[in-house]
Amino acid sequence: MISALPTPVWLRRFTRVVAVLTLFLIFAGAMVTSTGSGLAVPDWPLSYGMFLPPMVGGILYETGHRLIAGSVGFLILIQAFALQFFEPKKFVRKLGWSALACVLVQGLLGGLTVLFLQPHALSVAHGAVAEILLCLNVAIAFYVGRVLRPAQVAGWRTRATFLPVIVYLQILLGAVMRHMNAGVVFADFPLSNGKLIPDFTSGAIVANFAHRAGALAVTIAILTVATYCFRAKQFRGYATALLVLLGLQIYFGVKVVWDYAENKALYHSMVGQAALHHASITSMHVVTGAAILATSLLLALNARSARTTTSQVVTPVMAEELAA
């Protein structure tokens, strides 16, 4: 049964909670990598044969990540069924089921990563799917309960759509770098081993420098889009949010490098408060990148439906979407 009534307010709020918790899940996963806890629990789906092992050391981060992932997965299951029964728009219902499929794939990849001792390909795929899951849940939260009308400025769609694509590619480069343990192959910034362009003597150096080059590309893209937003007086809030997040992202990234330059024992360590602080900063760098992706996606979705409104009644536009 599919409701022909407007989407309930509680469901609109629920989808937003799911999107925010997905972002928190990415932070929890980043803490596993940042503390070097990925293999602290050698089995899956149980942890040392138990549902809840002693939460000490790396087990706390790995098992905690699994529990958070399970909780978010359960909420996504509820979301999919709720959308099926209460959301009139067919494509949004499909997004709900896609998010559920995505979280199942994500869980499987996480388990295989542990069982096969963290091969780079599986670890990167696990991170890449997490970002896709975030995008799906953000899109669901955006579209639920809205009547969509064509954007007033068609040319703006292209300007905004390319930004989340660039950000996602940069996140993939970051995932490759992290899982190659190449995050701090350079102990300096903005130079790389004292050079503008380093000697590419290893795959780790290539991965790290590619991530730095990608960061420059994302910075230019955000500045370009933000400038257009301010000049056109459209979406200034999104532009401001992107600039703030960009500033935080640069700060966290630079701090990771400079802290490591001062004390190399901080990397992938849980020994001492300073090491945990370093892991938190590294994880904040990861989650801020995900927040930039989510914000750029929201900007792109808004640009493609610039006259979006919240529906309180079933309109002719809604009727067309029901049949879509």
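Biologist: At what angle do helix 1 and helix 2 pack?
Modeller: This is a predicted model. In it, helix 1 (residues 9-34) packs on helix 2 (residues 57-86) at an angle of about 155°. Their axes are 9 Å apart.

Biologist: What does that angle make helix 1 and helix 2 to each other, roughly parallel or roughly antiparallel?
Modeller: Roughly antiparallel. Angles over 145 degrees count as that, so helix 1 and helix 2 qualify.

Biologist: And is the crossing left-handed or right-handed?
Modeller: Helix 1 passes helix 2 in a left-handed crossing.

Biologist: Which kinds of residues make that contact of helix 1 with helix 2?
Modeller: There are 20 nonpolar residues, 5 polar and 1 charged.

Biologist: OK, on to helix 3. How does helix 2 meet helix 3?
Modeller: Helix 3 covers residues 90-115. Its axis and that of helix 2 come within 8 Å. They cross at roughly 160°, so helix 2 and helix 3 are roughly antiparallel too.

Biologist: Which hand does that crossing have, left or right?
Modeller: Left-handed, as helix 2 passes helix 3.

Biologist: New topic: the surface. Which residues make the nonpolar patch?
Modeller: W10, F74, L77, I78, F81, F85, F86 and W97. The patch has about 750 Å².

Biologist: Where does the largest share of the patch come from?
Modeller: From helix 2, with 6 residues.

Biologist: Where does I78 sit?
Modeller: I78 lies in helix 2.

Conventions: Residues numbered from 1 in each chain as written. Predicted model: local features only at pLDDT ≥ 70, side-chain atom pairs only at ≥ 80, totals over all residues. Heavy atoms only, no water. Axes fitted to C-alpha atoms, helices over the stretch in contact; angles between N-to-C directions. Helix = DSSP H or I, 4+ residues; strand = E, 2+ residues; numbered from the N terminus. Parallel < 35°, antiparallel > 145°, perpendicular 65-115°, else oblique. Left-handed = near helix turned anticlockwise from the far one by under 90°. Nonpolar A, V, L, I, M, F, W, Y, C, P; charged D, E, K, R; others polar. Patch = residues over 30% accessible without salt bridge, like charges linked within 9 Å, V, L, I, M, F, W, Y side chains within 5 Å. Areas by Shrake-Rupley, 256 points an atom, 1.4 Å probe, with all protein chains shown as cover. Salt bridge = Lys/Arg side-chain N within 4 Å of Asp/Glu carboxyl O.
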